[in-house]
Amino acid sequence: MPPSRSLFAAAAMALVLLAGCDPQRISELEPGRSTEVDVRDRFGVPDNVWDAGGGVRTFEYNRQPAGQTNYMIDIGADGRLVAVRQVLTPENFARIQGGMDMAEVRRLLGKPAKVTPFDLKQEIHHDWRYLDGPNTPMVFTVVTDRGMRVLRTESGPDPAAPQNAGGGR
């Protein structure tokens with residue numbers, strides 16, 4: 001295996017192992033009691049910090065492309081944990097509507113696993129890997145125009161998942 005591929009494989013495996021620890025880390029946190037320091041001790045530096053208004057900040061902990069979850073952790077103005085949410089859910093996918101700006105989508109779902117431009121169609125596909133039920137690997141796709149406005153959404157089997165090999169894009 002070429003060095004770059006082996007490094008990528010090692011990084012992907014580390015992300016999978018890291019994501020496997022998330023339920024334990026979450027169980028150690030208690031809304032109203034745990035602090036920002038507690039969250040950072042368990043999850044590390046957030047991938048992004050969003051201003052949620054009223055002094056609340058949302059920490060994004062992205063598990064893409066190797067994982068199938070993205071966490072948004074709200075920290076109140078008092079520095080205490082408000083909520084932990086896994087955002088790659090059918091309820092959040094249903095909130096994505098035609099005409100939305102991609103920045104709004106990114107705020108709801110976190111960073112996508114993959115972004116693919118289709119120049120001839122003048123479209124960009126933004127893919128998030130997720131689980132439908134306990135063990136059905138899927139991909140949720142937001143299709144935007146070049147102005148980064150949502151045209152449509154799609155969902156289908158994850159072609160990278162071993163049980164789905166040979167299907168999809």
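Buried means under 20% relative accessible area, exposed over 50%, and partly exposed in between (1.4 Å probe, protein chains only). This is a predicted model, where local features need pLDDT of at least 70, side-chain atom pairs count only at pLDDT 80 or more, and totals for chains, interfaces and linings use all residues. Residues are numbered from 1 along each chain as its sequence is written, and side-chain values use heavy atoms, with hydrogens and water left out.

**Exercise 1.** Decide whether N62 is buried or exposed, and find what N62 touches.

Solution. 
- N62 lies in strand β2 (residues 56-62). Strands (E, at least two residues) and helices (H or I, at least four) are DSSP runs, numbered from the N terminus.
- Apply the cut-off. N62 has 8% relative accessibility, so N62 counts as buried.
- List the contacts (heavy atoms within 4.5 Å). Beyond four places in sequence, N62 touches D47, T69, N70, G110 and K111.
- Check the side chain. The N62 side chain makes a polar contact with the side chain of E60, at 3.3 Å. A polar contact is a pair of N or O atoms within 3.5 Å; within protein, one must be able to donate a hydrogen and the other to accept it, and residues adjacent in sequence count only if both atoms are side-chain atoms.

**Exercise 2.** Work out the strand order of the open sheet of 4 strands.

Solution. 
- Recall the rule. Two strands pair if DSSP finds at least two bridges between them.
- Read the order. The order is β5-β6-β7-β8, with antiparallel pairing.
- Find the edges. β5 and β8 (150-157) each pair on one side only.
- Zoom in on one pair. 5 bridges join β5 (residues 114-118) to β6 (residues 123-132). T116 stands opposite H125 in β6.
- Inspect the turn. The hairpin of β5 and β6 has 4 residues between the strands, and Q122 there takes a positive phi near 55 degrees.

**Exercise 3.** Find where confidence is lowest and where it is highest.

Solution. 
- pLDDT is the predictor's confidence in each residue, from 0 to 100. The chain averages 88.
- Helix α1 (residues 3-20) is lowest, at a mean of 43, and β5 is highest, at 98.
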